[in-house]
Amino acid sequence: MKIIRTYATSANLGPGFDCFGICLNLYNEYSFEKSDDYEIKEFNEKFCNPTNNLIIKSYEEVFKLLNKNIIPIKLTELVHNIPSSRGLGSSASCIVSGVMIANDILGNVLSVDEVFQIASSIEGHPDNVAPLIFGGLTCSFKNEVFHTIKFNCDENFKFTVCIPSFELKTSVARSVLPKSISMADAVSNISHSVALIKALETGDMELLKIANVDKLHETYRLPLINESNYFKDFAENNNATCMISGAGPTILLISKDSLNISLNDWQIIEQSVNNQGAYIYEK
Ligand code: HSE
């Protein structure tokens with residue numbers, strides 16, 4: 001039996017809006033094998049229909065791109081830890097799974113970069129896809145094609161994800177953003193994002209706190225997350241720094257020490273950086 005393990009990712013990391021992402025250890029697993037017809041097992045009922053299942057849609061996209069006849073599969077959800085619509089890369093996780101499964105079923109005809117290009121095109125932006133495929137901390141961008149640079153992330157950092165019980169659709173979180181920004185805000189984000197990468201690479205907690213200033217998205221999105229001030233205050237008082245994970249509503253706290261934090265209706269999980277990224281194994 002073949003199994004794909006796919007991870008949660010946290011995009012943006014404060015000032016790195018639509019560019020930075022990190023792979024965490026929270027994972028989902030799916031088994032897959034060729035089948036005469038599609039069989040989708042153990043998923044939430046609404047995803048059991050192949051036409052509603054983002055893994056299958058992404059899987060089929062590879063066959064279409066390569067002009068191949070679609071080979072149906074039996075796909076079984078074995079482990080489900082990555083919550084949907086919480087800013088932890090659940091859609092990127094489905095898309096990358098579909099593309100990697102298709103590549104495996106077709107005999108590994110695609111390079112890792114081709115998997116990255118296809119998955120990023122399906123998702124529309126590469127900031128969650130890149131850390132999931134390459135592992136670790138990435139900065140991604142697009143000119144003619146998608147590009148990503150992987151950075152070392154100091155392994156002593158702890159990434160505490162604070163996941164609320166409510167969802168926030170990315171489309172809603174993007175709808176509150178301004179259409180244009182000032183030159184001063186652009187300059188602020190460029191400088192702070194470079195400093196943030198340096199801080200994560202070198203394990204410099206003081207620099208990380210100084211660098212974590214965003215002018216592009218957090219100001220507009222934080223009002224959508226009522227409890228965000230609680231986490232900001234907690235971070236300030238506990239040698240941590242606080243940011244929105246992806247488009248939210250999950251809040252990400254980065255610190256050197258484990259954080260003793262809890263809040264009603266919020267699931268709080270300490271994570272570390274995952275340097276491997278998604279992979280397929282045989283059992
Ligand atoms: N960079 C994206 C955003 C992540 O913040 O909207 C969500 O997919």
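Where does the ligand sit in terms of pockets? The space it takes up is the largest pocket. On a 1 Å grid over the protein atoms alone, a pocket is an open set of points where a 1.4 Å probe fits, with protein on both sides within 12 Å along at least five of seven lines; a molecule sits in one if more than half of its atoms lie within 2 Å of its grid points.

A quick note on the model: it is predicted, so local features need pLDDT of at least 70 and side-chain atom pairs count only at pLDDT 80 or more, while totals for chains, interfaces and linings use all residues. Residues are numbered from 1 along each chain as its sequence is written, and side-chain values use heavy atoms, leaving out hydrogens and water.

**View 1. Meet the ligand's neighbours.** Asn 12, Phe 17, Asp 18, His 125, Asp 127, Asn 128, Thr 170, Arg 174, Arg 221, Gly 246 and Ala 247 surround the ligand, each with a heavy atom within 4 Å of it.

**View 2. Polar contacts (N or O pairs within 3.5 Å).** A polar side-chain atom of Asp 18 comes within 2.4 Å of a ligand nitrogen. Arg 174 has a polar side-chain atom 2.5 Å from a ligand oxygen, and for an N or O atom in the side chain of Arg 221 the distance to a ligand oxygen is 2.8 Å. Taken alone, the ligand exposes 260 Å², and the protein buries 95% of that (Shrake-Rupley method, 1.4 Å probe).

View 3. An automatic or database assignment gives domain 1 (2-152 + 274-282) and domain 2 (158-271). Each of them supplies at least three residues to the shell around the ligand.

Note on methods: Polar contact = N/O pair within 3.5 Å; in protein donor to acceptor, adjacent residues only side chain to side chain. 1 Å grid on protein atoms, 1.4 Å probe; cavity = no way out; pocket = protein on both sides within 12 Å on 5 of 7 lines; lining within 4 Å.
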